[in-house]
Amino acid sequence: MDPERLSDIQIADVVISTAGRDKGKLFYVIDVDPVYLNLVNGKDRTLEKPKHKKRRHVGKVLRSETRVADKLRNGDKVLNSELRRDLAFLSREMQSNDLGGF
């Protein structure tokens, strides 16, 4: 993966895991540092227990412009249920686009 692309991951971005047992799952980024990201999905990785994953093991999906993303950027309180709902919606959108609308 291009190192320049990895460095542009920011809080509230949606990423997909590219390695490990969670490969293929979507996550919101809640904290960043030069090497690691803290990731949550509201289900098995909650806000109370985020996934600590290296940047090189994720791929950026999109810069989310949802209400949940705005809350994460502003530091407002977000519920795990909001994360689950938002990521499920994004996942369905991605699948319908990949299937060509069928």
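Where is Asp 86 placed, and in which helix? I looked it up and found Asp 86 in helix H3, residues 80–98. Helices here are DSSP runs of H or I with at least four residues, strands are runs of E with at least two, and both are numbered from the N terminus.

**Entry 1: ground rules.** I noted that this is a predicted model, where local features need pLDDT of at least 70, side-chain atom pairs count only at pLDDT 80 or more, and totals for chains, interfaces and linings use all residues. Residues are numbered from 1 along each chain as its sequence is written, and side-chain values use heavy atoms, with hydrogens and water left out.

**Entry 2: the whole chain.** I listed three helices and five strands in the protein chain. Their order along the sequence is α-β-β-β-β-β-α-α. The protein chain has 102 residues, and 34% of them count as buried. Buried means under 20% relative accessible area, exposed over 50%, and partly exposed in between, with a 1.4 Å probe and protein chains only. I then looked at contacts, meaning heavy atoms within 4.5 Å. Of the contacts in the protein chain with a separation of 6 or more, 49% are between residues 24 or more positions apart.

**Entry 3: strands.** I checked pairing, which requires that DSSP finds at least two bridges between two strands. Strand E1 (residues 13–17) runs antiparallel to strand E2 (residues 26–32), with three bridges joining them. Ile 16 has Leu 26 in E2 as its bridge partner. E2 is also joined to strand E3 (residues 36–40), antiparallel, by four bridges. There Tyr 28 has Val 40 in E3 as its bridge partner. E2 and E3 make a hairpin with three residues between them.

**Entry 4: Asp 86 again.** Neighbours within four places in sequence aside, Asp 86 contacts Tyr 28, Ser 64, Thr 66 and Val 68.

**Entry 5: Val 68.** I followed that list to Val 68, which lies in helix H2, residues 67–74. Val 68 counts as buried because its relative accessible area is 7%. Beyond four places in sequence, Val 68 touches Tyr 28, Val 78, Glu 82, Leu 83 and Asp 86. The C-alpha atoms of Val 68 and Leu 83 are 7.0 Å apart, with the two residues 15 apart along the chain.
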